[in-house]
Amino acid sequence: MNFWIIQGLNGLAFGSLLFILASGFSLIFGLMRIVNLSHGAYFMLGAYVGLSAMEAGVNFWIAILIGGGAICILGGVLERFILRRLTGQPLAQVLVTLGIAFIIADTCVWIWTGDPRPVPMPSELTGAFRISHLAFPIYRLFVIGVAFALAAALWFLLERSRLGAMIRAGVDDLPMARAMGIRTSLLFSVVFCLGSALAGAGGVLAGPILSVYPGLDTDMLPLALVVVILGGVGSLLGAFVGSLIIGFIYSYGQALFPDLAYVILFLPMVLVLTLRPTGLFGRQAI
Amino acid sequence: MRGPAFNAIPRLVVCAALLALPWLVTSDYYVNIASQIVIAAILALSLNLLIGFGGMISLGHAAYLGVAAYLTIYLTAHAGFGHLAGALIAIGATTVLAMLFGYLALRASGLGFLMITLALGQILWGVAYRWASLTGGDNGLGGLKRPHPFGLDLSNPAIFYYFVLFFLVIAIWCIARFIQSGLGQSLQGTRDQPRRMRALGYNVWLIQWLSFVFAGFWGAVAGLLYAYYHQFVSPQALHLTTSAETLLMVIAGGTGTLLGPVVGAALVVILKNVVSAYITRWLILLGVIFVAIVLFMPEGLVPGITRGLRTLKRRTRPDETADASSIAGDRIR
């Protein structure tokens with residue numbers, strides 16, 4: 001019984017990290033039709049930047065802001081000066097983001113070497129949370145809390161704010177939204193920066209759990225893709241549920257059949273694509 | 001076959017040069033690089049079938065290379081199968097995998113197709129990396145000896161080169177026949193006008209799926225040769241970078257031309273070998289090339305350079321009316 005609870009919490013924590021990554025990816029894809037293949041690289045670069053900030057003496061919380069902020073700026077610049085030049089050419093945009101992902105990944109090896117680097121945990125959150133004989137790291141509970149808070153905040157932003165109404169209008173029918181006078185180019189920049197910032201901050205947040213190493217980007221990116229395929233395009237709820245499903249599958253899979261943890265990831269994809277190609281909560285086919 | 005037609009004389013020269021290559025270059029090193037190019041060319045040709053003729057951009061084509069290579073080595077060197085049986089099972093099983101992946105990826109089109117192929121390919125990479133008891137994990141799988149079909153000693157670089165060249169010729173012949181066949185023609189129809197093709201009564205899904213499986217088959221053949229060449233396979237063969245390099249070969253040579261991928265394969269393999277001799281940052285260069293191609297030469301390096309030359313020529317001889325747009329027709333965009 002303990003095993004199931006602990007692994008369930010681990011799955012929830014991993015799913016939380018995935019959600020932070022995949023929600024931005026899904027928003028960008030849903031609104032702009034850009035498959036941002038550098039999203040995994042943003043996550044890794046954010047973690048490295050946060051780590052360097054901490055090594056320079058900054059505390060963990062500021063490091064999250066620095067990691068997220070740096071990637072926000074990077075994403076904004078790339079969106080404004082490269083992706084925007086390719087508007088209306090989705091495949092060209094994908095290839096550019098793929099190229100950028102390679103550049104970032106290799107630059108990270110260059111700067112931070114190929115060795116895995118542990119990221120220190122904030123001292124406030126070390127230790128374990130105990131109920132009777134169950135113990136679970138407080139930091140992971142914190143990450144789960146952050147993801148739920150983020151989900152609530154994003155939900156509020158999308159469903160209850162004026163900006164969110166504009167984003168939803170853009171997701172549903174971009175030309176019409178533009179015709180109604182919504183400044184979609186500004187909207188694109190805001191959403192791309194937001195998604196990038198979430199990826200960067202998520203990388204720093206993931207550091208104490210996953211540590212940071214070359215290849216973290218290509219470990220996380222396909223999982224984010226699977227989450228979006230499962231959950232449906234541009235759907236916040238889909239990204240949330242999809243992340244938790246993948247988090248649980250990954251966590252239980254690694255504990256029960258360590259060799260096969262990756263093989264099991266095929267299963268939800270096969271099921272969803274066969275039975276419901278729009279994804280669980282998507283309205284349009286991907 | 002589209003694009004500028006080759007006339008007979010350059011074609012013969014190219015063929016003669018390819019055949020005489022082991023005598024022209026004396027060093028085994030260069031013969032081995034030629035073998036690498038030929039193997040990469042087979043893989044790129046099969047991917048071009050999807051991208052250039054089917055309009056399906058796959059970012060997981062390394063899957064077939066890697067799975068066939070793993071199976072070949074596992075079956076022949078570790079499970080006690082003979083060379084022929086191992087090769088046939090490896091190619092057969094990989095083709096079955098292509099059937100499954102094709103079924104899944106073709107539930108979507110365009111960007112969705114790309115995302116699914118990438119995800120499936122990377123999951124396979126994860127399997128190879130993590131299922132260490134079967135695949136050797138990061139250390140990879142080795143121990144394969146090259147076979148001796150019909151008394152040919154394939155451990156000799158020159159003979160091995162002819163061996164893979166033979167497969168390349170067959171691949172080009174089969175793929176050319178495929179493109180000219182009714183199925184290949186309708187595949188190009190589904191690329192340009194999927195809705196119209198559907199309205200005309202074509203089963204678009206089936207046409208795309210069959211082409212996907214055919215491409216997977218040739219990817220598996222490339223994987224078999226890859227296994228014989230390296231006598232070793234590691235998760236790197238399945239990684240996204242391998243798929244991306246193959247994609248670069250297709251784009252560099254010009255999509256939708258029959259022989260473009262062969263040129264692209266030569267460019268990429270030579271570049272990679274030359275660059276790796278001087279610096280270790282191949283991946284950065286790969287990324288920069290991707291960005292540069294998309295921004296400046298969206299129709300591919302070879303057609304892009306051809307177009308540039310033609311524009312120059314036209315500037316010097318204003319009466320020439322050659323239309324550059326005819327070669328710029330196969331844009332990746």
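A:Leu134 counts as partly exposed, because 13 C-beta neighbours lie inside 10 Å. On this scale a residue is buried if 20 or more other C-beta atoms lie within 10 Å of its own, exposed if 12 or fewer, and partly exposed in between, with C-beta atoms placed from the backbone. The structure is a predicted model, in which local features need pLDDT of at least 70 and side-chain atom pairs count only at pLDDT 80 or more, while totals for chains, interfaces and linings use all residues. Residues are numbered from 1 along each chain as its sequence is written, and chains are lettered from A and ligands numbered from 1 in the order in which they are written.

A:Leu134 belongs to strand β2 of chain A. Helices (H or I, at least four residues) and strands (E, at least two) are DSSP runs, numbered from the N terminus. Leaving aside neighbours within four places in sequence, A:Leu134 is in contact with A:Asn2 and A:Ile5. Contact here requires that the C-beta atoms of two residues, placed from the backbone, lie within 7 Å. A:Pro175 is 41 residues from A:Leu134 along the chain, and their C-alpha atoms are separated by 54 Å.

Strand β2 (residues 134-137) of chain A runs antiparallel to strand β1 (residues 128-131) of chain A, and four bridges join them. Two strands pair if DSSP finds at least two bridges between them. A:Phe129 stands opposite A:Phe136. A:Ala128 has A:Pro137 as its bridge partner. The hairpin of β1(A) and β2(A) has two residues between the strands, and A:Ser132 takes a positive phi near 45° there.

Most residues other than glycine have a negative phi. Two loop residues of chain A are also on the positive side. A:Thr113 has a phi near 60° and is found in the loop between α4 and β1 of chain A. A:Thr113 is exposed, because 10 other C-beta atoms lie within 10 Å. A:Ser211 has a positive phi of about 55°. A:Ser211 lies in the loop between α8 (184-210) and α9 of chain A. With 14 other C-beta atoms within 10 Å, A:Ser211 is partly exposed.

Helix α12 (residues 266-275) of chain A has buried residues A:Met269, A:Val272 and A:Leu273. Seen down the axis of α12(A), these buried residues fall within an arc of 95°, so they line one face of the helix. The arc is that of the directions from the helix axis to the C-beta atoms. An α-helix has 3.6 residues a turn, so residues three or four places apart point the same way. A:Leu267, A:Leu271, A:Thr274 and A:Leu275 are exposed on the other side of α12(A). The cover over the buried residues of α12(A) includes α9 (216-231) of chain A, together with α4 (83-105) and α5 (111-130) of chain B.

The contact between the chains takes 36 residues from chain A and 32 residues from chain B. On the side of chain A that touches chain B, α4 (90-112), α9, α11 (261-264) and α12 of chain A each supply at least two residues. Helix α4(A) gives the most to this side, with 15 residues. The residues of this side divide into 29 nonpolar, four polar and three charged. Ala, Val, Leu, Ile, Met, Phe, Trp, Tyr, Cys and Pro count as nonpolar, Asp, Glu, Lys and Arg as charged, and the others, Gly among them, as polar.

Chain B contains 14 helices and two strands. Of its 333 residues, 50% count as buried. Among contacts in chain B between residues at least 6 apart in sequence, 74% join residues at least 24 apart. The domain assignment of chain B gives domain 1 (27-296) and domain 2 (299-333). These bounds come from an automatic or database domain assignment. The C-alpha centres of the two domains of chain B lie 30 Å apart.

Helix α7 (residues 157-180) of chain B has 24 residues. From its first C-alpha to its last, α7(B) reaches 34 Å, close to the 34 Å expected at 1.5 Å a residue. The expected span is 1.5 Å times one less than the number of residues in the helix. Buried residues of α7(B) include B:Phe160, B:Tyr161, B:Phe163 and B:Val164. B:Ala17 lies in helix α1 (residues 8-24) of chain B. B:Ala17 counts as exposed, because 10 C-beta neighbours lie inside 10 Å. The C-alpha atoms of B:Ala17 and B:Ala105 are separated by 40 Å, and the two residues are 88 residues apart along the chain.
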